[in-house]
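Dear colleague,

Please find below the structure that I am handing over to you, with its sequence. My notes on what was found in it follow directly after.

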Amino acid sequence: MKILGIFASPRKLGNSEICVKEILRTLPQQWEKESINLSRLQLQPCKACYACLPQGKSCVLDDDLKLVLTKVREADRVIIAAPGYFLGQQTSVKLLTDRLISILNEGELYSLQKPCVIVIPHAIKGWEGYAREAMLNFAAFLGLKVLDCRVLNKMLPGDVADEEGLKVLHSLALELAQDRETDWSRGTELLCPICHSSLLQLHKDKSWRCVMCDSVGTLLESAGQLRLAVTAAPNLRFSPEGLAHHGQVLLNVNKEFIQRRREVIAHLKPYK
C-alpha cells in the first residue's frame, strides 16, 4: 500500500506539514509512505496555450508538474493538507489546479477513485472562505475519492498537534486506512449531495444549483429541517467524460481563434 502525502506551505514544519506527517505516522507501519511539499517544487503558471489538449500531448512547460502527477497515479491513497489564504486556497495549490487542464484528455488515468482525506488549517476564525471548496475541487479533478475534508482553526505552527487537532487527524487516518467515507450530513450546513460543496446558488423558487459540479435540485423542508433533493446531475465535470468534454470545448475555442485570427488581431490592435 503506497500512501502519498501532499502539503503546501512555505513554512518549514507548519501546520499543514504536521497534519500530513501525523496522519502518515498513524497509518500502518508496513505501508509505503511519502510526502511532497508543493511550495518547494517548481510549478509555473498555466500559459493557456492549449498545446496540451490534443490527444497524446502534454504540457509544454518544463517543471515539476509531471513529478506530482506521476506520484498521484502511483499512490493507492492520498492525504492533502494546505492552509487557507485570504479566503481561498494556498498559492501553489491554485497553481497546480490551473495546470490540471493538461490532463483533460487523460481522465481515465485519474478516474480510479483512490481514497483521499483533506485537512485545511487556517489562522483566523471565520476566514476559511472557499478554501474547502477549492481543495475539494483540486482532489476531484485528480479523480480522488474524498472520504473526509476538515477545516481546522489553528493559529500558530504546531497548534494542530493539540488534543483537539490530534483527535481529528487520527480520525482521518482511520477513515483512510479503512476506506470509510464520513457522514457528510453530520454538520449543520447544507452540502451538495453529489460533490459535498457548500457553494450553492439558492433561488427564489426553492431550486438550487451547485456551482462546482453543476448539479441542480430543489430545496425541501420536513419537520423544520431543510434538505437538498437532486433533480439532475449533469455530465459530471470531474468524470473522465466530463474532463474530455471540457477539453474538446477548449479545442473548439482554439480552432475558432485560428479561423478568426485576423478579426481577433484587429480587435486587439487599439489596445496595444
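**Strands and hairpins**

Strand β10 (residues 216-222) is joined to β9 by three bridges, and the two strands run antiparallel. Please bear in mind throughout that this is a predicted model. Within this pairing, W208 stands opposite G217 of β10. The hairpin of β9 and β10 has five residues between its strands, and D214 there adopts a positive phi near 75°.

D214 also takes part in a salt bridge with R209, in which the closest N and O atoms are 2.7 Å apart. R209 has a relative accessible area of 23% and is therefore partly exposed. D214 is likewise partly exposed, with a relative accessible area of 23%.

On its other pairing, β9 (residues 207-210) meets β8 (residues 200-202) in the antiparallel sense over three bridges. Here L202 is the residue that stands opposite W208 of β9. β8 and β9 also form a hairpin, with four residues between them, and K206 in the turn has a positive phi of about 70°.

The bridge partner of A81 in β6 is V119.

**The aromatic pair**

The structure holds one aromatic pair. The ring centres of F141 and F238 are 4.8 Å apart and their planes stand at 80°, so the pair is edge-to-face. This pair links distant parts of the chain, since F141 belongs to helix α4 and F238 to the loop between β11 (225-232) and α6 (240-259), 97 residues apart. Both F141 and F238 are buried.

**Salt bridges**

The count of salt bridges comes to 16. One of them connects K2 with E74, with the closest N and O atoms 3.9 Å apart. This pair links distant parts of the chain: K2 lies in strand β1 and E74 in helix α2, 72 residues apart. K2 counts as partly exposed at 29% relative accessibility, and E74 counts as partly exposed at 43%.

A further salt bridge is formed by D98 and K94, whose closest N and O atoms are 3.0 Å apart. These two residues are four residues apart in helix α3, and are therefore separated by about one helical turn. D98 is partly exposed, with a relative accessible area of 33%, while K94 counts as partly exposed at 39% relative accessibility.

**A buried serine**

Finally, I would draw your attention to S102. Is S102 buried or exposed? With a relative accessible area of 7%, S102 is buried, because the cut-off for that class is under 20%. S102 is found in the loop between α3 (91-99) and β6. The side chain of S102 reaches the backbone oxygen of R99 at 2.9 Å. When its neighbours within four places in sequence are left aside, S102 is in contact with C52, C59 and L65.

With kind regards

How values were computed:
Residues numbered from 1 in each chain as written. Heavy atoms only, no water. Pairing = 2+ DSSP bridges. Buried < 20%, exposed > 50% of the residue type's maximum accessible area, 1.4 Å probe, protein only. Polar contact = N/O pair within 3.5 Å; in protein donor to acceptor, adjacent residues only side chain to side chain. Contact = heavy atoms within 4.5 Å. Phe/Tyr/Trp six-rings, centres within 6.5 Å; stacked < 30°, edge-to-face > 60°. Salt bridge = Lys/Arg side-chain N within 4 Å of Asp/Glu carboxyl O.
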